[in-house]
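Please keep the sequence and the model in view while reading.

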Amino acid sequence: MQKRLFLLGVLVLVAAQVATAQMGGRFAFRFLEVPTHARVAALGGVNVSSGLEEVNAVTANPALLQGKTNHQLGFSYLNYLSDISQNNLQYAFESKRWGRNAIGVQYLDYGDFVQRDAAGQEEGSFTVRDYAVSFSHAATIEHFTLGATAKVAVSSIAGDQAVATLVDIGGTFNHPEQDFVVGLAVKNLGLMLNTYGTGERDAMPLDIQLGASYKPEHAPFRLSVTAHQLNRWDVVYLDPNKKGTINENGEEVKEEKSFGDQLARHFVTGAEFILGPGFQLRAGYNHLRRQELGVENVGGMAGFSFGASIKIYAFRFDYTYAKMHVAGAANYLTLTTDLNRFLKKATLQDL
């Protein structure tokens, strides 16, 4: 175990050195930033510290892959904007030789598009698909867990494919006496192996995230705060074509970036209300999403998300409604089952 922890620690140090080289520029494989399951989507779409008992949380932070997830199988379906859909599959297992592991598949389907020639004449249709295959490993020593996820991602547009290899690296600290978890994750650190056609290699959507979750003793709720895009301070885009205000001298004054708005865009907040051993309600707020997708002078809930979870026997059902824009929202359905119950039952029947 100590050797595995040492290797994971080396990966974290390497990630910290490489991270600064990927700031700015254009990003490819942005589908890797889409939340993969209902829980993290309900908590604002970014969370690296909640979900120790859930296999799906490994996609948010590989260090959340802990003992309670052994032999858990999770499947998530996302009804995204327009006719875009996403499917995600995760399975965790332990080995005496290789320790704690998980495998996963993420598949995003953008639907069919009309193909036209230079004159605008219809020539048929084409498809756009993105998918990634992942393998995760985590190890725990005392109150610390380190984890890493290796991913191969493929993006296909009308048969033209781009391929990338990436890694997520994460760590968690679990307080020995309180329900308090601190998480750190370096997401999507990697490079593009094959480009679209003869194009240039684009940067990966690197994201360094730091967060904490805390459930006060005897309280029926857990609160989470997560900071993301820590590798880039300026995540504010101001439309140069947007008209400014007119001052007392009749001059146009363009909107400027403010420190408060820049800071707020880096934070995501979430709350889980534990109403029973098998029932939870969740809510989250993502300020960056609201600022980017909210429509000026139009009411709406862009940036807010709401979810619920219910456990029946060995199955947990999760649903999340995440408002993206006044024109639509994302609907998540996640089914997670604990195969340990079935494996134990099958073992007893074989005796």
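Which side chain does a polar contact of 2.7 Å join to that of Thr-145? The partner is Thr-140; a polar contact is a pair of N or O atoms within 3.5 Å, where within protein one must be able to donate a hydrogen and the other to accept it, and residues adjacent in sequence count only if both atoms are side-chain atoms. The model is predicted, so local features need pLDDT of at least 70 and side-chain atom pairs count only at pLDDT 80 or more, while totals for chains, interfaces and linings use all residues. Residues are numbered from 1 along each chain as its sequence is written, and side-chain values use heavy atoms, with hydrogens and water left out.

**The chain as a whole**

- The chain contains five helices and 16 strands, where helices (H or I, at least four residues) and strands (E, at least two) are DSSP runs numbered from the N terminus.
- Of its 351 residues, 45% count as buried; buried means under 20% relative accessible area, exposed over 50%, and partly exposed in between (1.4 Å probe, protein chains only).
- Among contacts (heavy atoms within 4.5 Å) between residues at least 6 apart in sequence, 54% join residues at least 24 apart.

**Surroundings of Thr-145**

- Thr-145 belongs to strand S5 (residues 144-157) and is buried, with a relative accessible area of 1%.
- Beyond its neighbours within four places in sequence, Thr-145 is in contact with residues including Ala-63, Arg-100, Ala-138 and Thr-172.
- Gly-171 is also in contact with Thr-145; the two are 26 residues apart in sequence, and their C-alpha atoms are 5.5 Å apart in space.
- The side chains of Thr-145 and Gln-66 are joined by a polar contact of 3.5 Å.

**Aromatic pairs**

- The count of aromatic pairs comes to seven; rings of Phe, Tyr and Trp (its six-membered ring) pair if their centres lie within 6.5 Å, with planes under 30 degrees apart counted as stacked, over 60 as edge-to-face and the rest as tilted.
- One of these pairs, Phe-180 with Tyr-214, is edge-to-face, at 6.1 Å centre to centre and 75° between the planes.
- Because Phe-180 lies in strand S7 (residues 179-194) and Tyr-214 in strand S8 (residues 207-215), this pair ties together parts that are 34 residues apart in sequence.
- Phe-180 is partly exposed at 26% relative accessible area, and Tyr-214 is partly exposed at 35%.
- The ring centres of Trp-233 and Phe-259 are 5.6 Å apart and their planes are at 35°, so this pair is tilted.
- Trp-233, in the loop between strand S9 (221-227) and strand S10 (245-246), and Phe-259, in helix H3, are 26 residues apart, and their pair links distant parts of the chain.
- Trp-233 is partly exposed at 40% relative accessibility, whereas Phe-259 is exposed at 59%.

**Ser-258**

- Ser-258 is found in the loop between strand S11 (252-253) and helix H3 (259-264), and its 36% relative accessibility makes it partly exposed.
- The side chain of Ser-258 reaches the backbone nitrogen of Asp-261 at 3.3 Å.
- Ser-258 and Val-236 are 22 residues apart along the chain, with 9.3 Å between their C-alpha atoms.
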